[in-house]
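Have the sequence and the model side by side as you read.

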Amino acid sequence: AGPPPPSAAAAEFPGSVPGSGTQMPPRRRRLVAGIDQDELLDPDALADPDSSFYEFNGVRVHHKVCAHGEDEDSGGQSSGSAVARSQVGLPIVLLHGFGASVFSWSRVMRPLARIAGAKVLAFDRPAFGLTSRTRRSGDDTKPLNPYSMAFSAMATLAFIDQLGAGKAVLVGHSAGCLVAVEAYFEAPERVAALVLVAPAIFAPRKGEKENSAGEQEGADKKESDDNNAAPNPFARIWGGFLGMCMWLAGLVLKLVMAVQDTVRALSTKVLVAFLRSSLAASLVRLIMDKFGVTGVRNAWYDPSKVTDHVIQGYTKPLRSKGWETALLEYTISMITDTSPKSRVPVSKRLSEISCPVLVVTGDTDRLVPASNAERLARAIPGATLEVIKNCGHLPQEERAEEFLSVVERFLQRAFGTPDEHVFQAAV
């Protein structure tokens with residue numbers, strides 16, 4: 001009958017080369033933090049049952065909303081009875097930090113809705129979470145680059161409109177604090193108050209030690225000092241960008257410092273071209289694979305308490321198509337942003353903020369030292385500073401109850417009824 005045709009041989013022996021007796025080795029899987037990069041999905045396919053998408057300037061922005069009184073949690077949040085008395089009546093918009101997503105607010109969204117007596121909304125900024133990834137061309141002059149700070153600020157204001165509110169309380173974490181402040185300066189009449197958590201607005205000063213950490217081990221202090229070491233040509237970009245992130249902070253900063261002489265010699269156009277290359281995408285995948293999960297653990301005061309659920313929440317966006325190129329486009333937008341407003345740093349305008357402001361920090365934050373939060377609170381007239389003990393970079397996750405307590409007290413002082421103010425004064 002003769003040998004079977006090549007197609008039949010290939011079907012019978014997968015991996016063999018037609019016409020030869022050799023066996024091809026199986027294709028090696030490309031894994032990043034345990035996620036197969038050859039099986040990526042569209043963000044919509046990764047959405048949760050309570051996910052929603054809102055199209056803003058051609059970008060499908062992933063977000064979640066919790067409404068006051070909706071599906072009350074029977075799991076026994078200990079803060080429930082405490083917050084029930086507060087009826088601020090203002091919606092809250094939550095703004096995550098670098099490398100995070102709406103997941104970082106999952107423990108506090110429902111309790112915050114009870115505190116506010118209104119809706120609480122969290123959304124994924126472009127390049128993060130499940131918001132759609134948009135590939136940019138070489139033309140970066142088009143208005144409202146989706147990866148720019150201006151886009152995030154305008155999207156924040158658009159979500160205030162979506163909530164049907166004249167104004168809202170903005171709660172930012174780490175890099176999200178910068179978005180909150182930018183949105184305030186864009187439309188101060190729309191922002192009722194600012195809550196800035198582990199704020200990455202000031203670049204850490206050289207040699208600056210963590211504020212009240214006397215309890216932090218010497219090794220951790222040395223790591224913090226190393227991360228705040230000598231300046232480099234992209235201190236404004238990488239220092240602020242990576243100093244606030246929980247995934248790549250220490251490693252990437254050291255890498256940039258190691259090649260700073262080479263970077264100085266590169267023009268912006270050459271650098272942008274490199275960041276849009278396949279090599280840059282491969283480097284991002286490699287760094288995220290080797291150090292991503294470690295970075296998440298280091299963002300906590302006690303890394304041993306980081307559960308698999310937390311790790312899965314932070315790595316889920318790595319299953320989305322185009323996540324690495326979007327992250328690189330986010331970096332490019334920081335390098336090429338030359339809008340007039342960007343010429344006056346937000347850090348120089350903080351004294352203009354007139355709404356109530358709360359600054360929250362963990363006493364052992366390894367990424368954004370607590371001393372940075374102190375500086376910020378001093379720079380904003382009338383700002384309130386709260387330091388949460390035994391807490392790292394993520395107070396809303398690691399110390400959710402304490403976080404909710406300080407936010408409730410702040411909002412009650414700022415927006416409580418006159419009768420309540422009189423009662424509090426009497427007490």
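A residue counts as buried under 20% relative accessible area, as exposed over 50% and as partly exposed in between, using a 1.4 Å probe and protein chains only. Helices (H or I, at least four residues) and strands (E, at least two) are DSSP runs, numbered from the N terminus. This is a predicted model, where local features need pLDDT of at least 70, side-chain atom pairs count only at pLDDT 80 or more, and totals for chains, interfaces and linings use all residues. Residues are numbered from 1 along each chain as its sequence is written, and side-chain values use heavy atoms, with hydrogens and water left out.

The protein chain has 17 helices and 10 strands. Of its 427 residues, 50% are buried.

Now pick out helix H14, residues 370–379. Seven of its 10 residues are buried, so H14 is largely enclosed by the rest of the structure. The buried ones are Ala370, Ser371, Asn372, Ala373, Arg375, Leu376 and Ala377.

| Strand | Residues |
|---|---|
| S8 | 191–197 |
| S9 | 357–362 |
| S10 | 384–388 |

Next, a helix pair. The axes (lines fitted to C-alpha atoms over the stretch in contact, with angles from 0 to 180 degrees between N-to-C directions) of H10 (residues 268–275) and H13 (residues 323–336) come within 10 Å and cross at roughly 170°. H10 and H13 are therefore roughly antiparallel, a label for angles over 145 degrees. In their contact (heavy atoms within 4.5 Å), H10 supplies Thr268, Leu271, Val272 and Leu275, while H13 brings Leu328, Thr331, Ile332, Ile335 and Thr336.

Note on methods. Parallel < 35°, antiparallel > 145°, perpendicular 65-115°, else oblique.
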